[in-house]
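Hi everyone, thanks for making time.

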Amino acid sequence: MNLQQLVRKNVWNMKPYSSARDEFKGEASAFLDANENPLNDKYNRYPDPLQWKLKEKIAKIKSTVPENIFLGNGSDEPIDLVIRVFCEPRVDNIVAIDPTYGMYQVCADVNDIEYRKVLLDENFDLNAQNILDKTDNNTKLIFLCSPNNPTGNLLDRGEIKKILNTFQGIVIVDEAYIDFASETTWLRELNEYPNLIILQTFSKAWGLAAVRLGMAFASPEIIKLFNKVKYPYNVNILTQNFVSEELNKLELRKEWVSILLKGRDYLKNELPKLSFVEKIYPTDANFILVKVNDANGLYKQLADKGVIVRNRNSVSLCAGCLRITVGTDQENKVLIETLQSL
């Protein structure tokens with residue numbers, strides 16, 4: 001892989017914005033360089049633009065190094081950044097599985113990049129050759145979500161490896177739900193594949209969806225490109241400090257995952273007992289895709305009773321399906337009791 005040939009020429013050649021906190025790091029007796037208000041101590045100074053202290057804590061937990069980490073405003077920021085870094089509008093294209101997380105296409109559309117979909121098979125799995133056949137000389141990115149959303153399943157690891165070993169562009173593996181999965185993260189193999197970007201998030205297992213912090217793991221060369229293009233202070237100090245404290249709750253996070261997996265098992269056991277449930281799809285996520293006999297009608301009946309699930313009836317290969325997130329024990333019980341009453 002020739003990284004320079006993949007990156008947009010203007011991005012490769014551009015001079016990034018240099019903030020005051022890029023040019024000076026450390027302690028000083030007087031900070032008079034960044035036009036900050038000196039009178040509101042604690043929140044008046046710009047935060048570290050590269051979040052090094054937080055990355056150091058994350059790196060220890062993820063068994064990697066800070067130079068392999070990019071932190072963004074949710075996973076949506078690195079999704080958008082990778083498109084802006086590598087894809088020339090109206091020239092390049094992206095290949096992705098279908099169905100999958102909708103923001104890949106939204107970001108492609110915003111950036112005026114052709115988005116090519118490749119249907120999964122009847123088991124919601126991918127065929128590497130079908131993906132590769134959809135690519136051409138202008139394909140810069142392949143998006144793979146594993147465990148996938150909305151289907152919940154892990155994609156075949158061997159097929160992903162075929163893509164990584166064959167495709168000469170960038171492969172993004174989105175692992176937002178990996179903490180609930182039976183397989184391990186691709187992080188252990190990051191150094192083997194210079195064209196691999198792994199996305200993870202604090203929104204799911206860590207229970208921090210409102211905080212909006214996403215992670216991208218890649219080679220230092222790719223991370224430098226992200227930092228070159230991102231806004232200078234994309235992660236505020238409140239988020240940096242709060243997540244840093246939350247990282248001390250690693251054992252509690254493991255407990256939460258265990259609770260959610262038990263809740264998932266409860267739903268998998270109870271849902272098939274309902275006459276209108278036709279199929280429960282295998283899942284490695286914190287949600288279950290359920291095929292019912294009338295998805296639109298059942299969704300409305302649940303909503304009318306204050307139980308909100310996600311209607312995926314109009315999504316490719318998901319006709320008749322509802323996506324149900326694993327909730328608290330009480331929420332799961334309310335769902336089942338409400339369904340039983342219909």
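Let's begin with strand β2 and strand β3 (residues 114–119), which pair in the parallel sense over six bridges. Pairing here means that DSSP finds at least two bridges between two strands. Within this pair, V95 stands opposite R116 in β3. Before I go on: this is a predicted model, where local features need pLDDT of at least 70, side-chain atom pairs count only at pLDDT 80 or more, and totals for chains, interfaces and linings use all residues. Residues are numbered from 1 along each chain as its sequence is written, and side-chain values use heavy atoms, with hydrogens and water left out.

By buried I mean under 20% relative accessible area, with exposed being over 50% and partly exposed in between, using a 1.4 Å probe and protein chains only.

Helix α5, residues 76–86, is mostly covered too, with nine of its 11 residues buried. As a reminder, an α-helix has 3.6 residues a turn, so residues three or four places apart point the same way.

Now to the other sheet I wanted to show. Four strands make an open, antiparallel sheet, in the order β8-β9-β11-β10. Which strands are at the edges? They are β8 (277–280) and β10 (310–311), each pairing on one side only. β10 is joined to strand β11 (residues 321–325) by two bridges, and R310 stands opposite R323 in β11.

Let's step back to the whole chain. It has 13 helices and 11 strands; these are DSSP runs, H or I of at least four residues for helices and E of at least two for strands, numbered from the N terminus. Buried residues make up 53% of the 342 residues. The radius of gyration is 22 Å, which agrees with the value near 20 Å that a compact globule of 342 residues would have. That radius is taken over C-alpha atoms, and the globule rule is 2.2 Å times the number of residues to the power 0.38. The C-alpha atoms fill a box of roughly 70 × 50 × 35 Å along the principal axes.

That's my tour, and I'm happy to take questions.
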